Amino acid sequence: MIWGIFKRDMCHATRNVIAVIVSMGLVVVPALYAWFNIAASWNPYGNTKALKVAVANNDKGYKSDLIPVRVNVGETIISTLHANDQLDWQFVKSDKAIDGVKSGEYYAAIVIPKGFSADMMTLFSPDIKHAQLKYYLNEKINPIAPHITDQGATTVVNTIDKTFAKTIAQVGLDLASSILHYSQSPQMAEYMRNLNGNLTTMADTLSGASQQVTSYSQLLGSANDIVDSTGKLLASATKAGKQAQNALKQGKSGATSFTSAGANVTSSVNTALDQVSGAFDQVAAKVNKAFDAIGKDSDTAASQLTTLSEQVSSSESLYDTYITSLNHMHESVEQLPDSDSAKQALLEAIDREITLLEAAKGDSQKLAQQLKDASTQVTQDTAAAERSRKEILNRITSAKQSISNVRDDYATNVKPKIDALASTVSTLISQTDSMITQLSGTADDLDDVTGDVGTNVTAIRSTLGAIAKKLDSSAATVKELITKLETGGNAGDGNSDGGDGDNDASSSDSGESDELRALATANASTLSTLISAPVALHRVSVYPIANYGSAMAPFYTILSIWVGAIILCAMLKVTISDREKAHVLGLGDTLPRVAGPSGPGNASRWGLRLDHEYFGRYAIFALLALLQGTLVCLGDMYFLGVQANHALQFLAVGWLAALVFSNIVYTLTVSFGDIGKAVAVVLLVMQVAGSGGTFPIETLPKFFQMLYPFLPFPHAIDAMHAAMAGSYGNEYLLDMVYLALFLIPSLLLGLVLRKPVIRLNNWVSRNLESTKVM
């Protein structure tokens with residue numbers, strides 16, 4: 001049954017010229033679709049010479065003492081771009097370049113600013129500036145052109161970097177070479193000899209100056225010793241003056257103490273003597289009272305006398321206090337100068353006063369003893385008591401007279417002498433102190449002068465010592481320089497002493513000179529190129545693709561095969577008419593009426609089942625799809641020259657893709673009619689976006705990355721890539737298996753799931769046809 005349907009389809013497709021032309025068109029059109037796209041994108045990045053990019057140079061250049069050549073990086077860029085044919089470089093003014101980008105005349109423009117070279121040379125200064133190119137880009141003209149011109153701008157930047165590094169290295173090597181050649185010339189040898197002579201003279205001059213400075217420092221040291229001696233004499237004089245002043249201060253202090261002591265004693269003596277004299281009057285009254293009580297109350301009288309005795313005895317401490325005060329006054333007077341004529345007279349008066357006080361004290365003691373004795377007698381013998389009374393009263397009178405004598409003698413003899421002596425001593429001490437103060441001030445001034453002189457001389461000697469050390473150090477440095485110059489000259493001449501054994505430093509200098517000579521004699525251009533680009537990128541291609549067209553061929557080829565399957569379903573009928581079914585079954589031109597309405601499966605009772613109809617009509621679809629896949633693959637390889645390291649594998653991918661895609665589209669159409677065709681177009685759009693044919697699948701949005709494994713395009717494209725460039729392990733076979741697996745859901749839909757929707761599809765078709773439009 002399947003073969004009968006296929007044989008009648010082939011007869012109908014070839015029965016006239018129009019049918020043959022249409023059949024051929026169905027095979028050729030998908031191939032043309034693929035070939036046009038592949039050929040158009042064959043080498044887009046190699047045909048950028050027509051892209052106009054403007055370049056404007058406003059660089060003013062740079063020149064300094066550091067690099068004795070004029071540097072203009074802008075001019076170097078222009079010269080380099082003249083020899084560059086990657087883009088259509090247009091060398092214009094900056095205004096025209098910017099306006100051309102805006103108008104669309106140029107795809108991009110590069111403007112080199114005025115201070116570009118100067119900014120680049122700030123590399124050698126503390127204030128480094130980043131040199132910048134101004135890059136203008138018109139992004140609305142074409143989506144790919146900006147990326148291509150960006151590559152051109154990157155090329156310019158890389159060229160600038162390499163040119164700048166090469167220029168700096170070349171200048172440095174040229175300078176080193178010039179210096180080395182000049183150092184070996186006769187003029188340089190003469191200069192070196194003159195320089196050595198001048199340096200030797202300089203070293204001797206520095207050494208002599210150091211010795212003179214040292215001698216002058218020693219002379220100042222001797223002068224400083226004299227100044228120190230003078231200072232010591234002045235210090236002695238100052239010390240003597242200060243000692244005399246201290247003695248005067250002590251004398252003045254003694255006079256003051258003496259005057260103060262005299263005043264205190266005078267006041268104390270007068271007050272105390274008055275109190276004692278009054279106390280004796282009270283004692284006399286109490287004695288009379290006590291003796292009057294004798295006979296009446298002898299015990300009370302005895303007790304009163306005992307009390308009076310104790311009171312008189314306690315007054316002895318007052319005499320001791322007064323005597324002590326006079327002794328202090330005596331000591332103060334002794335501190336006065338011996339030359340004072342009043343000193344001795346005052347001392348004698350004080351001694352006499354102390355004697356009188358001692359006598360008064362004795363009378364008081366005798367009075368106390370008599371009162372004590374009388375307290376005993378009043379209880380024994382009245383006559384004896386009366387005698388004691390008279391003796392006690394006489395003793396009181398005598399004691400009062402002694403006190404009166406002390407007070408009169410002190411007022412007459414002691415106090416006037418104390419006042420006169422104090423006045424004289426104070427005047428003398430004041431005059432002498434003024435004179436010594438003036439002397440001390442003069443000595444201090446002289447001491448300050450000598451001290452300043454000594455300090456200045458010491459500072460000058462310290463400075464001169466430091467200068468002498470600096471001069472010696474400079475002389476040593478000059479001598480060391482002479483030695484190095486002589487060593488360097490010998491090393492430069494290539495001479496050696498042979499037997500005396502140079503030190504390590506000489507060997508090192510010689511080695512450095514040899515390295516400098518070797519560097520300077522090398523090719524400066526080669527070395528500067530190496531310095532500007534020390535690392536070369538060696539690109540190793542894994543599974544190389546010949547060109548961009550070959551890289552895009554799998555995508556466009558697989559896409560054209562799907563498009564071909566859609567065209568087949570659009571041009572060919574997917575259902576079999578009842579007339580064709582009757583001819584296949586040998587029933588004439590029509591099926592019997594018992595077959596029912598026209599539709600899939602209505603001839604099953606005569607042996608033409610639904611699967612016979614499915615595969616019978618699909619056979620011509622499969623044949624034409626295989627022809628489409630074969631033509632497009634052969635054209636890719638032998639017409640366009642697409643890379644295919646494994647031609648049979650490349651063809652096999654085309655054949656399998658043709659069968660799978662045609663079956664999917666055929667099944668959707670035969671199951672859902674025109675709606676199935678629309679679904680096939682939607683699947684086409686989805687796979688164009690998510691197949692990873694142009695961009696890596698990892699760069700696509702998350703939705704497409706999740707959809708990727710469930711689409712046939714990616715597996716077919718990967719299999720074709722493996723056939724073109726080579727397969728890693730079983731990569732090719734796995735992709736072919738994944739692609740073939742899409743036949744399972746397609747056949748399941750066409751053979752099993754199709755039955756429930758046949759009536760629904762027939763109802764949709766009748767309603768669409770009833771519109772007379774669809």
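Predicted model: local features only at pLDDT ≥ 70, side-chain atom pairs only at ≥ 80, totals over all residues.
Local features need pLDDT of at least 70 and side-chain atom pairs pLDDT 80 or more, while totals for chains, interfaces and linings use all residues. Residues are numbered from 1 along each chain as its sequence is written, and side-chain values use heavy atoms, leaving out hydrogens and water.

**View 1. The largest pocket and its lining of 41 residues.** A pocket is an open set of points on a 1 Å grid over the protein atoms alone, with protein on both sides within 12 Å along at least five of seven lines; lining residues have an atom within 4 Å of a point. Its volume, the space filled by probe spheres set on the points, is about 1100 Å³. Look for K573, V574, T575, I576 and R617, which lie nearest the centre. Helix 23 (758-770) gives the largest share of the lining, 7 residues. (Helices are DSSP runs, H or I, of at least four residues, numbered from the N terminus.)

**View 2. The largest cavity, with about 50 Å³ of space.** In a cavity, a 1.4 Å probe fits but cannot get out. Here the lining includes P600, E613, Y614 and R754. Helix 16 gives the most, with 3 residues.

**View 3. Helix 16 meets helix 22.** Their axes, lines fitted to C-alpha atoms over the stretch in contact, with angles running from 0 to 180 degrees between N-to-C directions, come within 9 Å and cross at roughly 130°. D611, Y614 and F615 of helix 16 touch S746, L747, G750 and L751 of helix 22, where contact means heavy atoms within 4.5 Å.

Key. Helix = DSSP H or I, 4+ residues; strand = E, 2+ residues; numbered from the N terminus.
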